[in-house]
Amino acid sequence: MNDYLQKLEQLTQENRRLKQENKRLEERLNAALDGTGLCLWEQHVPTGKLTIFNMEWGQMLGFSPQELEATVDIWKSKLHPDDYPQVVAALDDHLAGKTSSYQVVHRMLHKNGSHSWVSDRGRVVEFDAQGQPLRMMGTHIDITQEKRYELELAKLASSDPLTGVLNRAKLEQEFNQLNLTQPQQAAAVIFIDLDDFKAVNDQFGHRAGDALLIKVAHWLASMAPPNTLVARMGGDEFVLLSVNVSRAAIEQFVDALLIRGQQPVTLENGVAHIGFSVGVCEFITPYVGFNALYTLADQAMYQIKKNGKHGVTFVHAN
């Protein structure tokens with residue numbers, strides 16, 4: 001009996017020692033991961049219960065531990081709706097054995113209404129007797145700052161730094177994509193040149209000229225027909241790419257723009273008077289190349305310049 005009690009005491013002490021050691025290991029893990037944005041998780045697949053090892057569930061999304069239960073269903077409810085199908089499909093494919101691991105970059109909804117970018121990855125680490133997934137382990141990494149930096153770089157590479165509209169390279173890229181994805185669509189390249197812009201720079205200075213270009217870019221973006229991209233080619237030249245837009249809609253837009261151009265523009269140090277010379281080249285997708293359409297629209301615009309400025313000419317690309 002004494003031997004039994006002695007053995008029981010030894011086992012109890014060993015169990016206590018192992019628990020203390022495990023606690024110390026968890027503390028070291030938490031210290032190592034603290035501030036990294038990395039969350040370690042384990043999913044009990046049959047129940048959908050999640051165990052979060054180093055931070056409380058929902059912390060990176062602005063929720064307190066009491067606000068969110070750690071389950072797969074709750075996690076799914078916080079997925080960005082645009083990313084939900086892709087993320088759930090990736091998880092289901094892995095659980096069905098179609099992929100060797102689960103890995104996806106996606107957005108999650110923050111409590112304050114914003115969204116955070118995360119990189120999720122994991123794999124099944126244990127199966128039940130019937131070969132069905134039992135446990136899955138993985139990581140959940142907050143990459144919001146990295147992703148925002150990446151998106152900002154992409155924006156800088158594709159937009160005009162002064163006005164914020166697209167640059168020529170991005171407009172050509174969109175044109176090529178249009179040719180691939182939307183065949184047999186009525187489309188148009190609209191070339192817009194400001195009249196008397198040099199006089200604005202000469203009279204009020206380049207700062208005022210820049211302010212005027214920003215105003216014009218805003219007008220174009222807000223007035224353009226639906227399915228229209230606005231780009232600045234440089235200087236005082238803008239080009240719009242419209243797809244699936246009727247001649248009537250384009251005429252209505254140009255008429256409104258010409259009326260706007262007849263009105264004096266108040267700048268910081270004076271009032272400017274400008275106009276718009278517009279050339280519209282209509283075409284049907286797909287078309288052989290952007291440069292050919294650009295040239296035709298430019299030539300149409302130049303006809304307006306030669307004939308007194310502030311008007312529009314339509315041409316059609318064969």
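**Figure 1. A256 sits in helix α8.** Helices here are DSSP runs of H or I with at least four residues, strands are DSSP runs of E with at least two, and both are numbered from the N terminus. This is a predicted model, in which local features need pLDDT of at least 70, side-chain atom pairs count only at pLDDT 80 or more, and totals for chains, interfaces and linings use all residues. Numbering starts from 1 along each chain as its sequence is written, and side-chain values use heavy atoms, without hydrogens or water. A256 is partly exposed, at 34% relative accessible area. The classes are buried (under 20% relative accessible area), exposed (over 50%) and partly exposed (in between), computed with a 1.4 Å probe on protein chains only. From A256 to M223 the C-alpha separation is 8.0 Å, across 33 residues of sequence.

**Figure 2. Helix α7 packs on helix α8.** A helix pair is described by the angle and the distance between its two axes. α7 covers residues 206–223 and α8 covers residues 247–261. Their axes lie 11 Å apart, at an angle of about 150°. The two helices are therefore roughly antiparallel. Axes are lines fitted to C-alpha atoms, for helices over the stretch in contact; angles run from 0 to 180 degrees between N-to-C directions. Angles under 35 degrees count as roughly parallel, over 145 as roughly antiparallel, 65 to 115 as roughly perpendicular, and the rest as oblique. The crossing of α7 and α8 is right-handed.

**Figure 3. Side chains at the α7 and α8 contact.** From α7 come W219, L220 and M223. They meet F253, A256, L257 and R260 of α8. Contact means heavy atoms within 4.5 Å. By class, this contact holds six nonpolar residues, one charged residue and no polar ones. Nonpolar covers Ala, Val, Leu, Ile, Met, Phe, Trp, Tyr, Cys and Pro; charged covers Asp, Glu, Lys and Arg; the others, Gly among them, are polar.

**Figure 4. A five-stranded open sheet.** The strand order is β7-β8-β6-β11-β12, and the pairing is mixed. Strands pair if DSSP finds at least two bridges between them. The edges are β7 (228–234) and β12 (311–316). Each edge strand has a single partner, so one of its sides has no neighbour in the sheet. Neighbouring strands are turned against each other by 20° on average, direction ignored. β7 pairs with β8 (residues 237–243) in the antiparallel sense, over six bridges. Helix α7 lies across β6 (186–195), β7, β8 and β11 (275–284). Relative to β8, α7 runs at about 10°.

**Figure 5. Helix α5 against helix α9.** α5 spans residues 168–181, and α9 spans residues 290–306. The angle is about 115°, with the axes 10 Å apart. The pair is therefore roughly perpendicular. R168, L171, E172 and F175 of α5 meet F290, N291, L293 and Y294 of α9. Five of these residues are nonpolar, one is polar and two are charged.

**Figure 6. D160 in the loop between α4 and α5.** Helix α4 covers 144–158. D160 is buried, at 9% relative accessible area. D160 touches V165, L166, N167 and R232, leaving out residues up to four places away in sequence.

Figure 7. The T285 to P286 peptide bond is cis, with omega near -10°. P286 belongs to the loop between β11 and α9. N227 is not a glycine, yet its phi is positive, at about 60°. N227 lies in the loop between α7 and β7 and is partly exposed, at 49% relative accessible area. K309, also a residue other than glycine, has a positive phi near 70°. K309 is in the loop between α9 and β12. K309 counts as partly exposed at 35% relative accessibility.

**Figure 8. The whole protein.** The protein has nine helices and twelve strands. Of its 318 residues, 41% are buried. Among contacts between residues at least 6 apart in sequence, 61% join residues at least 24 apart.

Notes
A crossing is left-handed if the near helix is turned anticlockwise from the far one by less than a right angle, and right-handed if clockwise.
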